[in-house]
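Have the sequence and the 3D view open side by side.

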Amino acid sequence: MSGVFTNQSEIAGGQTFLTGLDLTLELLNNDSRLLPGYFLNTSIVDPRCGGTDATRGLFEQIIQPPTKIMIVGADCSVSSAPIATLAPYWNLVQISPLSTSPQLEDNATYPTFLRTVASDSNIIMGITSLMLHFGWSRMAVLVQQEAIFTTVLSRLRDTLETLKLKPALEFTFATGENTESIVHSLSQSSGRIVFVNTYPTHAAEILCQSYHLGLTPRNGYLWIYFAWYPSGWWVLPRGYSPLSCSAAEIQDMLQYSIYINYQPYVPTSELNLATDIQGLTRAQFDQMFQERLTKIHATGTSLQDQVPYIVDAIWAAGLGLNATLGQNFALDNFTYDSNNTSALIYQNTKNLRFRGMTGIVSFDANGGRTGMVRYFQYRSNGTGSITEGHLIGVVPSSGSVLFEDELSDIFPYGVPIDKEELYISHALFAVYTVISSLGILFAVGILIFNLVFAKTRVVKPSSPYLNVIIIVGAILFYIDVILFGVDGGITSSAIASSLCMARIWVASLAFTLVFGTVFVKTWRVYYIFSNARKQRKTYKKLIKDGFLFALVGCVLLVDVIFLIIVTAVPSARLEISNQEQPQSGSALPQIVQTCSATYSYVWLSILFVYKGALLVVGVFLAWETREVHLKHLNDSKLIGASIYGIVVLSVALAAVGILLQSAVNTSYGVIGALLLLGNTSLLCLIFAPKVYGVWKKDSQESTSTQDETATGTAAPNSKDAATISQLQMEIVTLKKQLEVGTSVNVMETATSSL
């Protein structure tokens, strides 16, 4: 086989990798179950973690005997990409243990490429899962202009668009360019969730620069890094940057930051299980590896944790070749023209599933490693240094984040936010809830009064049972004031969204119950007296309350049918949507929850026109009955005042809704006050005269009784005289209006109709 591994000091891992490779080959060749009659060896190519050297090395390997049957490596993605492009021309299957670039997922370009490490594109799943879990809609990305990172950025853009999240704030820089300018740009933006999509050296530079600008977790920033960064990556070489950060400053900047890994999840209970690599446990292999390093007088490096991936890649290559050998193919007959053998080796290797040093090894459709998103956090160890590897959560197949720690431990300064969500003040909502509740009690009190005194001369002419409908409608208006104050700051977004249509239902039905009832009562007066004028005689047909109830019910039915249709159509149904109000500088954007739908303006316009038509009918009835002066019977003046009030309120509510949309407390305060004022005024306008009339009547009766007791005179005679005088005045008025009949007939008709 051809082994492609960097053996350069700049990555501080070459000797470590080669030692792990030699040990694994020794274990594989000593396993009698694998490749009987064959001895597997590697010819090493040093690509210097670059594309040019990797390409030249591959050509040299192909030219020089013996024939290579597979390629293991490279460790750097920039080296693996050109090799994976050329390998199919010589029918060579390549398996990389450490190349994570998403670019290598393209099966069309790299048809014989496999890897035992997950692609960096899987970090996107980890990032977006966090965003959805915490309700974040926008993040910032610092991008180094290299294929490995720009490919991740491209995938991130597509994923954010699919999930309907905001496009990322992108800050790009070229390799070798000073990162100070992009860090400064970040500090002037609203980005708080920051993904560092760069090589470790630039990430360390960014970390130190960000500290000096105050972009720390303590100040509400969350930094997300790759998991493949070597241990201690944040320590910059002396003289690398004009900026420097002390150990305490690095600790303040780095702790509680997150790095995301997408690898097989190995539960603690399985760490000591025997693997399929000669039955060794991970601990046993680590001991053997340390002994081998000591034997050759080598020192382990920060990349030592990546050796198990090399072990699994070598073992996967051996198992794949062994499976091909079992299908009666002689491996020593392989040539660079062996298309069928190459395809068989690739398929046999891709179909593997075994327990390796990094957990269960299996491959997905793109030849990448299957696994699970895991979140790790940098933590202070209390001695001024940072520890790594603290697992805080995972994303299982269900797709929802499961945290191992309490959120207060993961985010001790509070969960970071990427926007300022504006909600109605709880105190304001509480005040209006109390006032509305008092209004409901007030309406219930009027309802009791209406029923108790239903048969009195003051209340009975106004149809007390129709008054009940008016009072119920008023109660609904009070309830609607409370509903308008329930938003995402009080309840869940799902409930708040359902309340969007509930408010319209309650308001529409309340309007119909209150004004529809007042209008049908006035229509009865109009019907009686308009017919009397036209026919020059009193109209004798009775109009009972039941008929008026039916009229109100018909109008109410129209409301219900219309609202059911609107609610059932998704594009018309009002739901919660977030309206972003951009802010200047680094201030977080403000988010206001509003109720909206695609066709809301269409059906709301229809609803307003329909309600406006009812008001026009009310105006007509009020005008036609303006000269009917039967006390407690005609509500024409009341209708005029009500319509005037409702028009003023509607204009005011519309203006408030448009002009004060972003000022949620002011908007709710004004809307609630107008609804409470209008509703309470309406109740007082309708029922205050009746309450006063009953009280005055009782007061007169009490006075008459006291006079009779004290003087023995005929107090009832005085009362009867006053009543007779009032009736005579009403008779004269009716005569002038009707110009026909006697006053007795008119009074009989009016009374019998009621």
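Predicted model: local features only at pLDDT ≥ 70, side-chain atom pairs only at ≥ 80, totals over all residues.

Now for the overview. The chain runs to 754 residues, and buried ones make up 49% of them. Along the way you'll find 21 helices and 18 strands. If you take the contacts between residues at least 6 apart in sequence, 73% of them join residues at least 24 apart.

Let's turn to the charged pairs. Side chains of opposite charge can pair when their charged atoms come close. Here there are 12 salt bridges in the structure. One of them joins Asp 252 to Arg 218, with 2.7 Å between the closest N and O atoms. Find Asp 252 in helix H8 (residues 247-254) and Arg 218 in the loop between helix H7 (200-212) and strand E9 (222-226); the two are 34 residues apart in sequence, so this pair ties together separate parts of the chain.

Another pair to click on is Arg 379 with Asp 405, whose side chains meet in a salt bridge at 3.3 Å, N to O. This one links distant parts of the chain as well, with Arg 379 sitting in strand E13 (residues 372-380) and Asp 405 in the loop between strand E15 (402-403) and helix H12 (407-410), 26 residues apart. Arg 379 has a relative accessible area of 16%, so it is buried.

Next, go to Arg 573 and Glu 575, where the salt bridge spans 3.4 Å from N to O. Is Arg 573 buried or partly exposed? Its relative accessibility is 25%, so Arg 573 counts as partly exposed. Glu 575 is partly exposed too, at 36%. Salt bridges can also join up into a network, and Arg 48, Asp 53 and Arg 56 are linked in that way.

From there, look at how two helices pack. Two packed helices are described by the angle between their axes and the distance between the axes. For helix H2 (residues 51-63) and helix H3 (residues 77-86), the angle is about 40 degrees and the axes are 8 Å apart. That angle is why H2 and H3 count as oblique to each other. The crossing of H2 past H3 is right-handed. On the H2 side, the contact is made by Gly 51, Ala 54, Thr 55, Leu 58 and Phe 59, and these meet Val 78, Ser 79, Pro 82, Ile 83 and Leu 86 of H3. Sort the residues of this contact by type and you get 7 nonpolar, 3 polar and no charged.

Last stop: Asn 578, in strand E17 (residues 575-581). With a relative accessibility of 48%, Asn 578 counts as partly exposed. Which residues does Asn 578 touch, leaving out those up to four places away in sequence? They are Ile 591, Val 592 and Gln 593. Val 592 lies 14 residues from Asn 578 along the chain, yet their C-alpha atoms are separated by 5.6 Å.

Key
Residues numbered from 1 in each chain as written. Heavy atoms only, no water. Salt bridge = Lys/Arg side-chain N within 4 Å of Asp/Glu carboxyl O. Helix = DSSP H or I, 4+ residues; strand = E, 2+ residues; numbered from the N terminus. Buried < 20%, exposed > 50% of the residue type's maximum accessible area, 1.4 Å probe, protein only. Axes fitted to C-alpha atoms, helices over the stretch in contact; angles between N-to-C directions. Parallel < 35°, antiparallel > 145°, perpendicular 65-115°, else oblique. Left-handed = near helix turned anticlockwise from the far one by under 90°. Contact = heavy atoms within 4.5 Å. Nonpolar A, V, L, I, M, F, W, Y, C, P; charged D, E, K, R; others polar.
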